[in-house]
Amino acid sequence: MDRILADQTRAAGSTVDQLAPAGGTTPQVRRWIAEQQRWAAAIAEHGVDWDHPRSVHWNAACGTDAAADFAAVRRNARTYDAIAPAFAGTARHREDRARTAEAMGDLVTARENYFMAAVLWSAAQWPSHADDAAGRGHHERKRACYTRYAALADHHVEAVSVPFPGTHRGSLPAWLHLPAGYTGGRLPVAVVVPDLDSAKEATVALYGDRFLSRGFAVLALEGPGQYECALLGTHFSMPAWAQVGPACLDWLAGRAELDPEQVVLAGSGFGSFAATVVAAHEPRVRACAVTEVCHEPGWTTVFEQASPAYKMRFMYMTGHTDEAEFDRFARTLTLRGRAERIRMPYLAVVGEDDELSPIEWTRALLDAMQGPRQLVIYQDSPHHIGGVPSARRGPSPSGLMADWLAARVRGDAFPSEQWLIDGDGRINRGPLPPAEPVEPPPVRAVEPVETPAPQRLAETPPPMRPVEPTPAPPAAPASAAVAAAPAPAAKANGRARGSRKKGGQVPAGGDHAQPSIRHEPAAAGGSRNRGKAPRGPSS
């Protein structure tokens, strides 16, 4: 059966199987090595979601039937090295169930299990930041399972390759989905760019997908640096992502089912940054909507204060193994000069207390744009919107984005404005305030990095030592809006950016449960309250 699955993978156009196996080198990140006991303790306490509710997002694509699978992984994978085997073992179980159901003629059960297996195999890929045999094996099984799902799905699912210059095989891998019941005519298209941790196979939900259910076709794409592209040797760069939009729009124009004049973009996390670059270089895009944004130039907060796993993943996406070289490269991660080119409607859905991309940078980005734009802020929410009253009682962020994009396709007009979703779930509408100037930090010298031998995380880590937050000094003089980023400051009451308020533990298994230990204390750099959205009357 493994041979059959491998044959099906090749038939589906896998772009990896013809590459020679590579040993791979894992990026060495100073903080991951120097603070290994800290991160081991966090993983021992919180499991795979120690720094980000990634399993919640993966589970959401699969539906409630997969909840027990993800709960078991969260319960059992308590060291970093245990994460990939835990997901791989669960994926094998789902794959076995799919094969059995298919052999018995239970094709609905088979397709559901193939889909879940594919998402679980992609989750097993996530902890690996090297081009190694294990990661390639997980990828091949993911492709094979998703190919079987596509053959049995309740709507048209097709493996496609978008022609792209300068890559190993000259293409970007994607899955094209058409709505169930499609019988003809040209459809609007949502091009969806996944997060740093996610793959194209987890982009469209097994059932009730937000875009398919609104009549969109969906191009679930992986661009330069993301999962399959990285295995191809197509790494992240700003110039590479600037070419993604023209490549996609040219390809979409050649499909009889798709309307090239009704193409919209959606992205979350890393996808919010990449989609913004695409929008800046492809004026044919009708509208762009992003959430859980990464708009800070240089990604300084993500790379220098958050979990080092983010930096390791991004280094892998760029092909860097030397941290000093990557730090120099990271200075190119800016939307300056690109934001000014964006004239299509643009929506940003953010958490008010975003601890990875301070909200001031999103305001600066919107200020620089030339077209209509909207900012939706969830009160008291961290970067990953959820776990707070505004997210539970207010509109679903993903549904809000899909409705907004559907309205743009219809041609509905809207004012440039700000919405604050408050703790009662009410929408407080008001004018979009101008961004406050943001002071750039001093340029950090890039020191040579010694590359010690990899060290395994401790199996029985000691408890973490609490660290007191650093008080903020007076704000420095203001400067241009989109420039190198300061480190986000701690709140005046000592609560770290994005942490929960006094004693507010999230119930086990709750939506987007936030670990109590997620990030290092913020460095000094100015008052946190300047980014707070003004409260206003609800409407």
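In the predicted model, Leu265 has Cys288 of strand S6 as its bridge partner. Strand S5 (residues 258-268) and strand S6 (residues 287-291) run parallel and are joined by five bridges. Helix H11 packs on the sheet, where it touches S1, strand S2 (171-177), strand S3 (187-193), strand S4 (217-221) and S5. The direction of H11 makes about 125 degrees with that of S1.

The sheet is open and contains ten strands, in the order S1-S2-S4-S3-S5-S6-S7-S8-S9-S10, with mixed pairing. Strand S1 (157-163) and strand S10 (427-431) each have a single partner strand and stand at the edges, so one side of each has no neighbour in the sheet. On average, and with direction ignored, neighbouring strands of this sheet are turned by 20 degrees against each other.

Strand S8 was examined with both of its partners. S7 and S8 run parallel and are joined by six bridges. Within this pair, Val349 stands opposite Val376 of S8. Between S7 and S8 the chain passes through helix H16 (residues 359-368), and this β-α-β crossover is right-handed. S8 and S9 also run parallel, with five bridges between them. Here Tyr378 has Ile421 of S9 as its bridge partner.

Six of the six residues of S8 are buried, so this strand is largely enclosed by the rest of the structure. In a regular strand, side chains alternate between the two faces of the sheet. In S8, Arg373, Leu375 and Ile377 lie on one side, Gln374, Val376 and Tyr378 lie on the other, and all are buried. Both faces of S8 are therefore covered, as six of its six residues are buried.

Helix H11 (residues 244-253) is mostly covered as well, with seven of its ten residues buried. The buried residues of H11 are Val244, Gly245, Ala247, Cys248, Leu249, Trp251 and Leu252. Cys248, Trp251 and Leu252 are also among the residues touched by Leu219.

Leu219 is one of the residues that touch the most other members of the largest nonpolar core, together with Trp50, Phe87, Phe236 and Leu333. This core holds 117 residues. Helix H7 (residues 107-125) gives the most to it, with eleven residues. Another core, of 30 residues, lies apart from the largest one and includes Val192, Phe211, Val349 and Trp419.

Three further positions were considered individually. Ala242 is found in helix H10 (residues 238-242). Its relative accessibility is 14%, and because buried means under 20%, Ala242 counts as buried. Apart from neighbours within four places in sequence, Ala242 is in contact with Val277 and His281. Ala242 and Ala275 are 33 residues apart in sequence, and their C-alpha atoms are 9.6 Å apart in space.

The other two positions, Glu292 and Trp299, belong to the loop between S6 and helix H13 (300-304). Glu292 has a phi near 45 degrees, which is a positive value in a residue other than glycine. Trp299, which is not a glycine either, has a positive phi of about 55 degrees. Glu292 counts as buried at 6% relative accessibility, and Trp299 counts as buried at 3%.

Over the whole chain there are 18 helices and ten strands. Of the 539 residues in the chain, 60% are buried. Among contacts between residues at least 6 apart in sequence, 78% join residues at least 24 apart. The accessible surface of the chain comes to about 20500 Å², and 54% of this surface belongs to carbon and sulfur atoms.

Notes. Residues numbered from 1 in each chain as written. Predicted model: local features only at pLDDT ≥ 70, side-chain atom pairs only at ≥ 80, totals over all residues. Heavy atoms only, no water. Core = buried A, V, L, I, M, F, W, Y, C linked by side-chain atoms within 4.5 Å. Buried < 20%, exposed > 50% of the residue type's maximum accessible area, 1.4 Å probe, protein only. Helix = DSSP H or I, 4+ residues; strand = E, 2+ residues; numbered from the N terminus. Contact = heavy atoms within 4.5 Å. Pairing = 2+ DSSP bridges. Axes fitted to C-alpha atoms, helices over the stretch in contact; angles between N-to-C directions. Right-handed = clockwise from strand over helix to strand, strands pointing away. Areas by Shrake-Rupley, 256 points an atom, 1.4 Å probe, with all protein chains shown as cover.
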